[in-house]
Amino acid sequence: MDTAVAAPPTGVPATLRRLYFVRFAFAAAWAALLFATADTLGPLSTTLLLVYPLFDVAAAIVDVRSAQANDGPTAPLYANIAISSLTVLALALAATSGIPAVLRVWGAWAVTAGIVQLVAGAVRRRLGGQWPMIVSGAVSALAGISFATQAGADDPSLGSLAGYAFLGGVFFLVSAVRLGRGTRNPA
């Protein structure tokens with residue numbers, strides 16, 4: 001019976017690993033597209049801005065389902081879903097006001113989502129591969145503050161958001177690789 005109870009968590013790292021690889025690929029592609037349109041707030045860049053938190057919601061839903069199936073923690077994931085969903089609405093409104101408003105909203109999202117990611121990583125430490133997520137959450141929170149500061153610059157650009165997304169994707173990639181090591185060498 002103990003073996004049956006211990007078996008489900010081994011599926012969690014595998015599920016997270018796949019999800020983290022997908023998140024890396026998405027972030028890299030999204031960052032490249034946004035960087036190409038970073039100087040203006042047109043239909044393409046606005047669409048990209050809305051798609052990113054929507055993807056975050058979808059990824060968190062996948063993560064919640066995996067966590068529920070394995071009796072894992074879901075509270076931080078539900079918080080992330082709520083925060084990212086509200087961010088989509090706030091970004092849609094901010095996009096009508098210009099790049100500074102978008103940077104402020106994105107900054108607020110980065111701070112709050114970063115804190116949630118840090119907490120989720122800390123709660124999941126026992127699964128392995130979570131230190132990159134903890135560091136990523138802290139970096140996200142700090143980056144959010146810088147986006148709010150950039151909003152007051154003379155010529156603000158969305159380029160920093162592309163760099164932020166790519167760096168976040170790299171953290172997901174590192175975590176996925178670390179999770180893979182954990183599944184090959186069970187402790």
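Q: What share of the 187 residues is buried here?
A: Buried residues make up 45% of the 187 residues in the protein. Keep in mind that this is a predicted model.

Q: Now the inside. Which residues touch the most other members of the largest nonpolar core?
A: Trp30, Leu34, Leu49, Val102, Trp106, Leu158 and Leu161. That core holds 28 residues.

Q: Which elements give two or more residues to it?
A: Helix H2 (8-36), helix H3 (43-69), helix H4 (75-95), H5, H6 and helix H7 (159-184). H5 gives the most, with nine residues.

Q: Pick Val102. What does it touch, leaving out residues up to four places away in sequence?
A: Val102 touches Leu41, Leu49, Leu91, Ala94, Ala95, Leu158 and Leu161.

Q: Which residues are in the second core?
A: That separate core has eight residues, among them Leu16, Leu127, Met133 and Phe172. As background, nonpolar side chains tend to be buried together in soluble globular proteins.

Q: Switching to charges. How many salt bridges does a search of the whole structure find?
A: Two. In one, the side chains of Asp56 and Arg23 meet at 2.3 Å, N to O. This pair links distant parts of the chain, with Asp56 in helix H3 and Arg23 in helix H2, 33 residues apart.

Q: Are Asp56 and Arg23 buried or exposed?
A: Asp56 is buried, and so is Arg23.

Q: What does Arg124 form a salt bridge with?
A: Asp63. The closest N and O atoms are 2.3 Å apart. Here too, distant parts of the chain are linked: Arg124 is in the loop between H5 and H6, Asp63 is in helix H3, and they are 61 residues apart.

Q: Why does Arg124 count as buried?
A: Because its relative accessibility is 6%, and buried means under 20%. Asp63 counts as buried too, at 8%.

Q: What else is Arg124 in contact with, beyond its neighbours within four places in sequence?
A: Besides Asp63, Arg124 contacts Leu16, Tyr20, Ala67, Pro73, Leu77 and Gln130. Of these, Leu16 is also in the second core.

Note on methods
Residues are numbered from 1 along each chain as its sequence is written. This is a predicted model: local features need pLDDT of at least 70, side-chain atom pairs count only at pLDDT 80 or more; totals for chains, interfaces and linings use all residues. Side-chain values use heavy atoms; hydrogens and water are left out. Contact means heavy atoms within 4.5 Å. Buried means under 20% relative accessible area, exposed over 50%, partly exposed in between (1.4 Å probe, protein chains only). A nonpolar core is a set of buried Ala, Val, Leu, Ile, Met, Phe, Trp, Tyr and Cys residues joined through side-chain atoms within 4.5 Å. Helices (H or I, at least four residues) and strands (E, at least two) are DSSP runs, numbered from the N terminus. A salt bridge is a side-chain nitrogen of Lys or Arg within 4 Å of a carboxyl oxygen of Asp or Glu.
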